[in-house]
Amino acid sequence: MAIATLASFKNSLIRQREFVAQTYGSQTSAAARFYDLFLVAPNFVSPSTAINPTSATDGAIKFTNPSSGQLSLVGLRASTTACGVYIFADRLSHQGGLSGLVTGAQTTNLPTASLTRFTSGEGVMIGLTIYAIVGSVATTITVSYTNSAGVAGRTTQSVAFGATGNREASRILILPLQDGDTGARSVESVSIVASTGTAGNFGVILFKPLIAVAIDSTDSENNAIGFLNGASAGGIPTIPNDACIFPISMNLGGSLQSAFSFQLTEN
Amino acid sequence: MAAITDLSDLINRSTGGANGTPQNVFYYKAPRVAGVAATAPITGRMASLWRYDGNPSGGATPTTVVAPTNATQGALPFVNAGGSRESWMTQAFAASNATGMFILYDRLLHMGGLSGTVTTAQTVGGTLTRNTSGSGNFAFLEINTAVGTTSVTATMNYTDDLGNTGNVSTGVQIGATGFREVSRAIMLTLAAGDTGIQAIDSITLSATTGTAGDFGVVIGKPIAYLSVGQSGAAGWRDFVTGLPSIPKIEANSCLSLLFVAGGTTVPELFGGYSIVEA
């Protein structure tokens, strides 16, 4: 049910159902690149077979499903060494074990697991997360996927893969969809045009952004973000039961270490 | 149609009450067109991101004149309001590797197929289906295939927002480096005293650019200006606590992006917006 009044909203900020904190370990980041911070969460293990991660999966932000009604994110506080943008998304499906050496269609640990949240695939994005560095040779990559209308055999537009900026662990490459598409339900194969020179390890993730915030200070006292003080997109998002929430960062570069606190309310 | 009465009403609708049907939409634009690196922008000048790859996908090259909608390939998504309600944007956000200004706008009318070598009036026509008064509408030339290397002047013959026909815009440059490459957006300037556009009758070049290429014309209405001051940072608009306040998004709006470049980096963009019904 809705948060019906301003008073209820304020009350949810003061007496939130759950105040969840999560820290993300240190790494070096290049400016203006997307990073999958799932990899630097506590107890993270690289995925292999295709699964649907949940809030119980190591790396996810932990919360308890509501006993009734729904959970809403009413506020967020950030502490980070790297100012920039943090996108909190529901990690719907992921797998790993793909190689930067193999050309042509790779199907190891594919197709991706069928979606259990946002099952239509509308607005669901395809990412490639690099778990272990691939090679230094620049090539391009595409994936074959089923779109949000259920049409299989769709092919993403190609993007750069391998070489500096597109090879390092934690990088996430977001893939543009085939003309006319607005989301993805599953990925069936991944194809690189030429070997990058190193196998490494990368995998496919399907994710649905829930909220994006702009962090312009490394002082957490200045980074209390909510629906009514701007610097964000996503409104007052509903958090699906079991959602595997994780951050993607695009920042100004340098040392990246962060901690986030989430104010959730049951309504 | 009903007003958003107060902050309580807005919060209620933003969490699904009162048929608010909140939509929190996110999109991604890659710095590529059809899988190939997009043309580098020029500092201080405009680029059209209509055809940029992404999620949703890029738009197709326009041909005959049409009024595109939210169902047109390349439009940023949203669902029309139900019942007799209207759609209102409460937040807009854009993060990019490229500094500059992203302009979120409703692409009211577009066409392509104009030639860089024709010096007689080239017909545009078409009819607006949104913001039909023309007030505040802008128009720009959109390069789909590079035109020639000779610098010439383009003017448009148009109907202003008071319904006066036969107005002629002041000339703007097309052709030559910076004004000929794919994805360039060349804003057309109105005749003295005008503040909007209802229709464009034709586009006329003062001379040939030397190559036909393919360019078109777009009529749009701005919705949000999102300034990204640093590479890796975001620009955002909170329409609840900032001005201008909560713009209406007309049914069937074809949301798209223009980019005023702060440098020569091709923009990669992650953005979003929130819409509620009232």
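In this predicted model, Asn157(B) sits across from Ser202(B), a residue of strand S14 of chain B. Strands of a sheet pair through backbone hydrogen bonds, and the pairing can be parallel or antiparallel.

Elsewhere in chain B, six strands close up into a barrel, in the order S4-S13-S9-S15-S7-S18, with antiparallel pairing. Leaving direction aside, neighbouring strands of this sheet are turned by 45 degrees against each other on average. One of the pairings, between strand S7 (residues 100-114) and strand S18 (residues 255-261) of chain B, is antiparallel and takes in seven bridges. Here Asp106(B) has Leu255(B) in S18(B) as its bridge partner.

Taken as a whole, chain B has one helix and 19 strands. Its radius of gyration is 19 Å, close to the 19 Å that the globule rule gives for 278 residues, so chain B is as compact as a globular protein of that length. Along the principal axes, the C-alpha atoms of chain B fill a box of roughly 60 × 45 × 30 Å. Of the 278 residues in chain B, 54% are buried. As for contacts in chain B between residues at least 6 apart in sequence, 80% of them join residues at least 24 apart.

What about the helix of chain B, H1 (residues 7-14): which of its residues are buried? They are Asp9(B), Leu10(B), Ile11(B), Asn12(B), Arg13(B) and Ser14(B). That makes six of eight, and H1(B) is accordingly described as mostly covered. The buried residues pack against strand S6 (87-96) and strand S19 (269-277) of chain B, and also against H1 of chain A. Just past the end of H1(B), Gly16(B) takes a positive phi of about 100 degrees.

Leu10(B), found in this helix, makes a handy example. Leu10(B) counts as buried because 23 other C-beta atoms lie within 10 Å, where 20 or more is the cut-off. Setting aside residues up to four places away in sequence, Leu10(B) touches Ile4(B) and Val240(B). Leu10(B) also lies 9.0 Å from Ala278(B), C-alpha to C-alpha, with the two 268 residues apart in sequence.

Turning to the interface, 44 residues of chain A are in contact with 46 residues of chain B. On the side of chain A that touches chain B, at least two residues come from each of helix H1 (6-14), strand S4 (84-94), strand S12 (201-215), strand S14 (232-233) and strand S16 (245-251) of chain A. By type, the residues on this side of chain A divide into 25 nonpolar, 17 polar and two charged.

Most residues other than glycine have a negative phi, and most peptide bonds are trans. Against that background, Asn19(B) has a positive phi, near 55 degrees. Asn19(B) lies in the loop between H1 and strand S1 (23-29) of chain B. With 14 other C-beta atoms within 10 Å, Asn19(B) is partly exposed. Ala176(B), not a glycine either, has a positive phi of about 75 degrees. The loop holding Ala176(B) runs between strand S12 (172-174) and strand S13 (184-187) of chain B. Ala176(B) is partly exposed, as 15 other C-beta atoms lie within 10 Å.

Cis peptide bonds turn up as well. In chain A, a cis bond links Leu110(A) to Pro111(A), with omega about 5 degrees. Pro111(A) falls in the loop between strand S5 (104-106) and strand S6 (125-132) of chain A. In chain B, the bond from Asn55(B) to Pro56(B) is cis, and omega is near 5 degrees. Pro56(B) has its place in the loop between strand S5 (54-55) and S6 of chain B.

Notes: Residues numbered from 1 in each chain as written. Chains lettered and ligands numbered in written order. Predicted model: local features only at pLDDT ≥ 70, side-chain atom pairs only at ≥ 80, totals over all residues. Pairing = 2+ DSSP bridges. Helix = DSSP H or I, 4+ residues; strand = E, 2+ residues; numbered from the N terminus. Contact = placed C-beta atoms within 7 Å. Nonpolar A, V, L, I, M, F, W, Y, C, P; charged D, E, K, R; others polar. Buried ≥ 20, exposed ≤ 12 C-beta atoms within 10 Å, placed from the backbone. Rg over C-alpha atoms; globule rule 2.2 N^0.38 Å. Axes fitted to C-alpha atoms, helices over the stretch in contact; angles between N-to-C directions.
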